[in-house]
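Welcome! Have a look at the sequence and the structure, then try each task before reading on.

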Amino acid sequence: MFAQRVRDELSLRWLEPYHGEAPFRLIDASREHLRPWFPRMDSTREPKDTEEFIREALRGMAEGREAHFGIWVGGQIAGVTGAHTIHRLNRHAEIGYWLGQDFEGRGIMTASAAVLLDYLVEERGLHRIEARCAAGNDRSRRVMERLGMRREGTLREGERLADGTYDDTLVYGILASEWKERRGTR
Ligand SMILES: CC(C)(COP(=O)(O)OP(=O)(O)OC[C@H]1O[C@@H](n2cnc3c(N)ncnc32)[C@H](O)[C@@H]1OP(=O)(O)O)[C@@H](O)C(=O)NCCC(=O)NCCS
């Protein structure tokens, strides 16, 4: 898939190495916004770090283990969503996502993650999609709930936050049959 329209000017595109500068600039401009829930962004210090992430992601995609998309609003990258662990034997995947600060609060992520779920369920034939977030990450929880994902469990103190404290990890999941019913595709 070269680009997949989500709605209006919103589209998903495979991340490619030449995109490296754009996501890097977005991360750099949103560090304070991302840090509480994504402390690992601190290791992204220059464009070549993002390019290396993208090259690694492309290797994962070639091997069928991962699938990462840039979220574009017109000509501007707004964030990233993807599946960072696709288990082919069990036919399940875990998804993740983030948006640049200026792109929050517009419904961009729920709409984009829905297209990601379509891809994973309809095109990749996966049976179950999972997502995890820190218990305190209300915005991320709301994305999962708007997608119809069910809260299935809590991993006690599974998240190490940027300030060094621990928060519980909430595990959400949705089955392919539930997703298809929601989308009216079954
Ligand atoms: C998690 C994250 C992606 C959620 O972003 P978000 O903007 O809240 O989610 P969406 O893009 O789906 O937007 C939904 C919000 O836009 C509002 N909205 C405004 N216009 C809208 C429209 N046209 N359509 C739909 N929703 C709209 C919704 O009401 C909703 O707000 P609410 O949750 O306060 O009710 C973002 O907060 C983020 O990147 N956080 C930092 C990184 C992170 O935590 N990643 C997840 C780790 S588990």
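We begin with a pocket: the second largest pocket has 13 lining residues, and those nearest its centre are Arg25, Leu26, Gln76, Ile77 and Phe103. Please keep in mind that this is a predicted model.

**Exercise 1. Turn to the largest pocket and find which residues are closest to its centre.**

Step 1. Start with the volume of the largest pocket, about 1200 Å³.

Step 2. Of its 48 lining residues, Phe38, Arg40, Gly96, Tyr97 and Trp98 are the closest to the centre.

Step 3. Trace the elements that each supply at least two residues of this lining: α1 (21-29), α2 (31-34), α3 (47-62), β4, β5, α4, β6 (128-134) and α5 (138-146).

Step 4. By class, the lining of the largest pocket divides into 22 nonpolar, 14 polar and 12 charged residues.

**Exercise 2. Find the residues of the largest nonpolar core that touch the most other members.**

Step 1. The largest nonpolar core has 53 residues, and those touching the most other members are Ile71, Ile95, Trp98, Leu120, Ile129, Leu147 and Met149.

Step 2. Ask which element gives the most to this core: helix α4 (residues 108-123) does, with 10 residues.

Step 3. Take Trp98 as an example. Apart from neighbours within four places in sequence, Trp98 has contacts with Pro23, Leu26, Ile27, Leu34, Phe38, Met41, Gly79, Val80 and Met109.

Step 4. Here is some background: in soluble globular proteins, nonpolar side chains tend to be buried together.

**Exercise 3. Follow the strands β3, β4 and β5, and say in which sense they pair.**

Step 1. Strand β3 (residues 67-73) pairs with strand β4 (residues 76-87) in the antiparallel sense, over 7 bridges.

Step 2. In the hairpin of β3 and β4, 2 residues lie between the strands, and Gly74 takes a positive phi near 60°.

Step 3. Strand β5 (residues 92-99) pairs with β4, again in the antiparallel sense, over 8 bridges. Here Ala83 has Ile95 in β5 as its bridge partner.

Step 4. The hairpin of β4 and β5 has 4 residues between the strands, with Arg91 in the turn.

**Exercise 4. Are Gly100, Ser140 and His87 buried or partly exposed?**

Step 1. Gly100 lies in the loop between β5 and α4. With a relative accessible area of 0%, Gly100 is buried. Setting aside residues up to four places away in sequence, Gly100 touches Leu26, Ser30, His33, Ala78 and Gly79. The C-alpha atoms of Gly100 and Arg31 are 8.8 Å apart, although 69 residues separate them along the chain.

Step 2. Ser140 is part of helix α5. Its relative accessibility is 9%, so Ser140 counts as buried. Beyond residues up to four places away in sequence, Ser140 touches Tyr97 and Cys133.

Step 3. His87 is in strand β4. Its relative accessibility is 36%, so His87 counts as partly exposed. Between the C-alpha atoms of His87 and Leu126, 39 residues apart along the chain, the separation is 8.8 Å.

Note on methods: Residues numbered from 1 in each chain as written. Predicted model: local features only at pLDDT ≥ 70, side-chain atom pairs only at ≥ 80, totals over all residues. Heavy atoms only, no water. Core = buried A, V, L, I, M, F, W, Y, C linked by side-chain atoms within 4.5 Å. Buried < 20%, exposed > 50% of the residue type's maximum accessible area, 1.4 Å probe, protein only. Contact = heavy atoms within 4.5 Å. Pairing = 2+ DSSP bridges. 1 Å grid on protein atoms, 1.4 Å probe; cavity = no way out; pocket = protein on both sides within 12 Å on 5 of 7 lines; lining within 4 Å. Points joined across faces, edges and corners; volume = space filled by probe spheres on them. Nonpolar A, V, L, I, M, F, W, Y, C, P; charged D, E, K, R; others polar.
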